[in-house]
Protein chains: 2
Amino acid sequence: MNIVYEGKTKDVYSLEDGNYLLKFKDDVTGENGVFDPGANTVGLTMEGAGKAGLRLTKHFFELLNEKGIPTHYIDANIEESTMTVKPAKVFGNGIEVICRYRAVGSFLRRYGMYTEEGQPLDAFVEVTLKDDLRQDPPITEDALDMLGILSKDEYKVLKNLTQKIGDIVKEELAKKGIELYDIKFEFGRIGQKDEIALIDEISGGNMRAYKNGKYIEPLKLEKLMLED
Amino acid sequence: MNIVYEGKTKDVYSLEDGNYLLKFKDDVTGENGVFDPGANTVGLTMEGAGKAGLRLTKHFFELLNEKGIPTHYIDANIEESTMTVKPAKVFGNGIEVICRYRAVGSFLRRYGMYTEEGQPLDAFVEVTLKDDLRQDPPITEDALDMLGILSKDEYKVLKNLTQKIGDIVKEELAKKGIELYDIKFEFGRIGQKDEIALIDEISGGNMRAYKNGKYIEPLKLEKLMLED
């Protein structure tokens, strides 16, 4: 088992059978000690964040697999804070796909002239490049295609999958009286047919969720979602 | 004749017949005394810039009208630095449409991970919002539609017109041995049928042009283009 990538919130190890092992860490993204799912830096370390994130990821990925939505998930070991996944090729050097149900975060910062904070958005999808140096710039379908990152046909699949998965997560949260404002996904190409599949994780660290109009921190969200 | 808008590089007056008069000023956009067509501030004042910009605008708009491409242009008076135009409704609070033939400027700043300076781009179109406060953020077709700024059908027309006009300008420049790197347009809805038409201007201040690999300043470009 060799470490192949040390990430902000996860480390990645290669396994002998060709699959990969993700080790969830207790670091979450943010700035100056404040959690922000859109941030590029590790903002704080929260004990138990890794396991809690993995538990929620396991819950959602198993649900998605049941529903026939392609993901890289194989299995998870909560004790070890690890998840086994299929190998995936990312698009370019990695993209993030955001599904928005209410106007907050970078959407509001960019389009505040035309939208109010918290305004409902209909599963609005946008893509940003993973590029810390350039603050994860937003990118259009045309630019993704032209720069050879994602074809137009792949974009259609990606957008459709994003809205489907976003809606599933939103419904799951709604069962606990929680409202999903936005969520960030990563996708990759899996298998010989380069099928587009959800990769990475689905945890509190990837989304903004509110209960009774109040923002819920990732650890609290994971607790609310997984308690009986 | 009443002034209705005082712009960075032009003032706008309403005429009694319902049309508008644009008065070209000697100010050009830029920062710290350096011209930059993508900048939001007046960077410098260049004597003769207004007339030179108008002369080139007149040249291109008359050419476009001959080719049947809809514009707001009626006529121009070089002596007075004025142009008479039809009334147009802008999209939202105004958008800018950029057509790129080589990777420079904000495109390079955003997508430098995937492109090199000067890399050829095939009449690549992108849209930014006119919003000084938010540094003219780029916006996707989906967001333009969702925010009620531009419908999907209008976007198709806009993109097509942009590439057509960009190609015409590029060809005209090529006749003088000049290469167009990128150009910025504004469009509006004109007449009872809300036909999408080119508005504003086409001058050195809206484009980046190079000759023998060397950047050409707006005034120099206008001189090169209009001398016999």
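In this predicted model, A:Arg110, A:Tyr111, A:Glu126, A:Pro138, A:Ile139 and A:Thr140, together with B:Arg110, B:Tyr111, B:Glu126, B:Pro138, B:Ile139 and B:Thr140, form the lining of the largest cavity. The volume of this largest cavity is about 70 Å³.

**The cavity**

- One cavity of 30 Å³ or more is present in the structure.
- Two or more lining residues of the largest cavity come from each of these elements: helix 2 (105-111) and strand 12 (138-139) of chain A, and helix 2 (105-111) and strand 12 (138-139) of chain B.
- By residue type, the lining of the largest cavity comprises six nonpolar, two polar and four charged residues.

**Relation of the two chains**

- Chain B is superposed on chain A by a rotation of 180° with 0.0 Å of shift along the axis, at an RMSD of 0.0 Å.
- This is the relation of a two-fold axis.
- Within chain B, B:Thr140 has the C-alpha nearest the axis, at 2.8 Å from it.
- Both copies use the same surface, as 100% of the contact residues of chain B recur in chain A.

**Helix 1 of chain B**

- Helix 1 of chain B covers residues 49-66, and at 1.5 Å a residue its 18 residues should span 26 Å; the end C-alpha atoms are 26 Å apart, so the two values agree.
- Buried residues of helix 1 of chain B include B:Ala49, B:Gly50, B:Leu54, B:Phe60, B:Phe61 and B:Leu64.

Terms used
Residues are numbered from 1 along each chain as its sequence is written. Chains are lettered from A and ligands numbered from 1 in the order in which they are written. This is a predicted model: local features need pLDDT of at least 70, side-chain atom pairs count only at pLDDT 80 or more; totals for chains, interfaces and linings use all residues. Side-chain values use heavy atoms; hydrogens and water are left out. Copies are superposed by least squares on the C-alpha atoms of residues with pLDDT of at least 70 in both. Contact means heavy atoms within 4.5 Å. On a 1 Å grid over the protein atoms alone, a cavity is a set of points where a 1.4 Å probe fits but cannot get out, and a pocket is an open set with protein on both sides within 12 Å along at least five of seven lines; lining residues have an atom within 4 Å of a point. Grid points are joined across faces, edges and corners, and a volume is the space filled by probe spheres set on the points. Helices (H or I, at least four residues) and strands (E, at least two) are DSSP runs, numbered from the N terminus. Ala, Val, Leu, Ile, Met, Phe, Trp, Tyr, Cys and Pro count as nonpolar, Asp, Glu, Lys and Arg as charged, and the others, Gly among them, as polar. The expected span of a helix is 1.5 Å times one less than its number of residues. Buried means under 20% relative accessible area, exposed over 50%, partly exposed in between (1.4 Å probe, protein chains only).
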